[in-house]
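Trainee: Could you take me closely through one part of this model, the open sheet and what packs around it? I would like the definitions and cut-offs stated as you go.

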Amino acid sequence: MVAGPAGAAGNVGPTVHQDPTFHQLRLFLLLAEERHFGRAAARAFVSQPAFSKQFRALEHRLGVELAERDGRSCRLTAEGTELVGYARTALEARARMAELASSSRLTVRLGAIGAETAMPYTREVLGHLARHHPDVRVEMRNVDFVEQVQAFARGAVDAAFLRPPLPPNLEGVTLAHEQRVACLPASDPLAERDGVDLAELREHTVVDVPPEVPRMWWDYWTANPRPDGTPVRFGAVCRDLEAALLAVAQGRAMLFLPEAAATLYRRPGLAYVRVRGLPRTTAALVWQTARRDDPAVALVREATRAVVGRQT
């Protein structure tokens, strides 16, 4: 800290020996760069009188004159020149502490496939986190058919709202059960029916997914093979649900989806029909088994247990 003797020539008032504020140090560095009160004030987005007032307060705190004025222009005194290095070091240290404080704040990264963010159980889990852990930062990201598993391997998500079945390295909590429907082109002869048997869809071409997607997951969703052993005939390969819905609307294939899709994805060119003979699907919040005790995952597990408890 720089300071001069009380009453020394050129000093502003008595020696006060108070630490300057970070705001005052920022203003001082602007003046040290500009050597002009008006330009420094403009860079600080304050009026020149307000800037000068803060600068005089800084000098008073330190008990030294930091700049010799010539109108609005100035040159630093020896004490002012010495303060430049101190001010920069102090502000850099403060910025670093702010970085550390921000990085130490717990962040929960949640993935969601399709329209899972719109489902009631998702809103309940997020609501529980917001009410009981307001200091926790929650980041949401949409995952496609491929990313729903790969995002875990890359560490991009801590947990995700998905639709089982899933690989054995993932575990989770079931949030809901739901019927499945057939998503058909609106021009399909079956589109006007209230419901169809699975066997009636035997000859329909079904949307396929990229090879990176676990095959057991897509075989479940496409009922492949059918109960009589007939293999499914696959068509357009789609990485995400939007591409799959477009393929259906264009008449290139069909798709099986949770019943909620009939409301959430209502659009021209599509029809939704209940399917008899398909087991109900489940929705779950899942995480990597190996990370179940990580702080972010443990927090999600606690929130999920609270939500499931209210539903039972």
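**The sheet and its surroundings**

Mentor: Helix α8 lies across β7, β11 and β12 (270-276), and runs at about 130° to β11. Helices (H or I, at least four residues) and strands (E, at least two) are DSSP runs, numbered from the N terminus; axes are lines fitted to C-alpha atoms, for helices over the stretch in contact, and angles run from 0 to 180 degrees between N-to-C directions. The model is a predicted one, in which local features need pLDDT of at least 70 and side-chain atom pairs count only at pLDDT 80 or more, while totals for chains, interfaces and linings use all residues. Residues are numbered from 1 along each chain as its sequence is written, and side-chain values use heavy atoms, with hydrogens and water left out.

The sheet itself is open and has four strands in the order β8-β12-β7-β11, with mixed pairing, where two strands pair if DSSP finds at least two bridges between them. Its edge strands, each pairing on one side only, are β8 (195-197) and β11 (255-258), and the twist from one strand to the next averages 45°. Strand β7 (residues 180-185) runs antiparallel to β11 and is joined to it by four bridges, with Ala 182 standing opposite Phe 256 in β11. Helix α7 (residues 215-222) also packs on the sheet, touching β7 and β11, and its direction makes about 90° with that of β11.

Turning to the nonpolar core (a set of buried Ala, Val, Leu, Ile, Met, Phe, Trp, Tyr and Cys residues joined through side-chain atoms within 4.5 Å), the largest has 38 residues, and those with the most contacts inside it are Val 207, Leu 245, Leu 255 and Tyr 272. Here buried means under 20% relative accessible area, exposed over 50%, and partly exposed in between, with a 1.4 Å probe and protein chains only. Helix α8 (residues 241-249) gives the most to this core, with five residues. Leaving aside neighbours within four places in sequence, Val 207 is in contact (heavy atoms within 4.5 Å) with residues including Trp 218, Phe 234, Ala 244, Ala 247, Val 248 and Leu 255.

As for confidence, pLDDT is the predictor's confidence in each residue, from 0 to 100; the chain has a mean pLDDT of 89, and 91% of its residues reach 70 or more. Over residues 1-16, however, the pLDDT is below 50, although this stretch has 33 contacts in the model beyond near neighbours in sequence.
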